[in-house]
Amino acid sequence: MHHLGEVVIRRQKEKLIEIVRKFVSRGQPYVLINFPSNKDPGHHASWLGLSMVLREVTGRLPVLTSNAAQSIDEIKTTPGDAPIFICGWTDFGDAQTGRDDVRYRLMWRYPDRTIIQMPQTIHFANESLKEYAKRTIGRHRNFFCMTRDGQSFELAKANFDCDVEAGPDTAFGMGPLKPFEADPLRVLYVMQPLGEGEVDIAKARAIVDGPLTNWINGPNSLSRMRKSSVVKSALRHGFSRTAMIAQHRQDVAARYVDYGVKILSGAQRIITNHLHGHILCLLLNKPHIAVARDGSNLHDVIGSQTGDSPLVEKATNASELLAAMSRLPYEMGGTWYKSSKPMNPSPAIPAPDLMPQPSIV
């Protein structure tokens with residue numbers, strides 16, 4: 001079956017490779033920081049995609065990996081030409097971490113190292129946090145900031161004295177994904193808890209019912225060190241502690257991504273307000289609706305990066321959601337249809353009209 005997100009995915013992955021190649025080449029050592037501290041499959045998708053791109057470009061594992069809570073002192077034992085890549089699964093400016101944010105700690109501790117913040121959202125809870133970020137970045141002079149939405153790009157451009165570039169979420173580094181075998185499900189809601197100003201879809205669920213999951217709490221067992229990771233690392237890299245930990249973290253990220261993919265696999269259509277819900281739906285070739293308020297970062301990303309795929313429609317309320325549902329493509333017998341007509345991957349070949357087919361909804 002034709003993948004309706006293929007063009008978008010290829011474009012985003014090529015952009016990630018282009019970004020990474022500005023800082024590392026074949027065989028060059030590098031450090032990878034900010035392993036997800038939670039069990040959200042979307043956040044682990046960002047780590048896994050970045051790991052895969054870095055490995056593709058350099059042909060090697062990182063010389064050191066770390067999560068935000070670990071000591072960063074070990075970085076001083078790595079080669080001085082090893083740039084530090086920060087995975088962007090969290091928001092830069094998060095009020096919960098404040099001045100203890102791993103980015104600031106890295107900039108203060110390693111003023112001569114190249115530090116690359118990979119694409120992420122930037123949002124400051126107050127002006128003092130923003131001013132602190134401005135001062136710290138300005139002092140470092142070798143910090144590179146990548147953003148994944150237009151609002152974050154404008155904020156960084158206006159306030160940070162460093163190179164700022166827009167780029168896709170690193171989850172796209174995984175490339176297209178294959179769904180697991182699963183019982184068919186007409187509609188699935190993948191929604192995070194409502195925040196202030198977010199969209200309440202209770203009315204839509206009353207009309208188009210379906211199970212709801214927040215999907216962010218995978219099993220703890222997925223995080224455990226397994227013999228397979230040790231063996232894989234030993235066969236490829238010997239009994240190096242850093243290589244073993246890097247391989248373990250990549251395998252853990254892959255398990256949490258698989259956990260998320262299993263949740264999505266059976267659904268014919270998905271409704272989500274997660275950015276990574278949207279991204280994984282694209283990677284899985286799943287028609288879906290991105291529900292968010294006007295001016296949201298989610299809709300910003302779709303409008304500027306991924307909206308040319310027919311797999312996604314946007315909605316800001318229950319009424320728009322139901323209308324968007326009717327515009328989504330649907331698959332029958334290995335062929336994609338939209339508005340009861342077959343979708344033609346090659347616009348140069350005319351597609352014949354068919355008898356109307358019922359939509360899933």
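A nonpolar core, as I use the term, is a set of buried Ala, Val, Leu, Ile, Met, Phe, Trp, Tyr and Cys residues joined through side-chain atoms within 4.5 Å. Buried means under 20% relative accessible area, with a 1.4 Å probe and protein chains only.

This is a predicted model, in which local features need pLDDT of at least 70 and side-chain atom pairs count only at pLDDT 80 or more, while totals for chains, interfaces and linings use all residues. Residues are numbered from 1 along each chain as its sequence is written, and side-chain values use heavy atoms, without hydrogens or water.

The largest nonpolar core has 57 residues, and F85 and M174 have the most contacts inside it. Domain 1 (3-172) and domain 2 (183-217 + 254-334) both contribute residues, so this core lies between them; the bounds come from an automatic or database domain assignment. A second, separate core has 28 residues, among them L64 and F143.

What does M174 contact, leaving aside neighbours within four places in sequence? The list is A45, L48, G49, M52, V257, L280 and L283, with contact meaning heavy atoms within 4.5 Å.

Now the sheet. Six strands form an open sheet in the order β2-β1-β3-β4-β5-β6, with parallel pairing. Strands are DSSP runs (E, at least two residues), numbered from the N terminus, and two of them pair if DSSP finds at least two bridges between them. At the edges are β2 (64-67) and β6 (163-166), each pairing on one side only. Strand β5 (residues 143-147) is joined to β6 by four bridges, and T147 has A166 as its bridge partner in β6.

Key. Buried means under 20% relative accessible area, exposed over 50%, partly exposed in between (1.4 Å probe, protein chains only).
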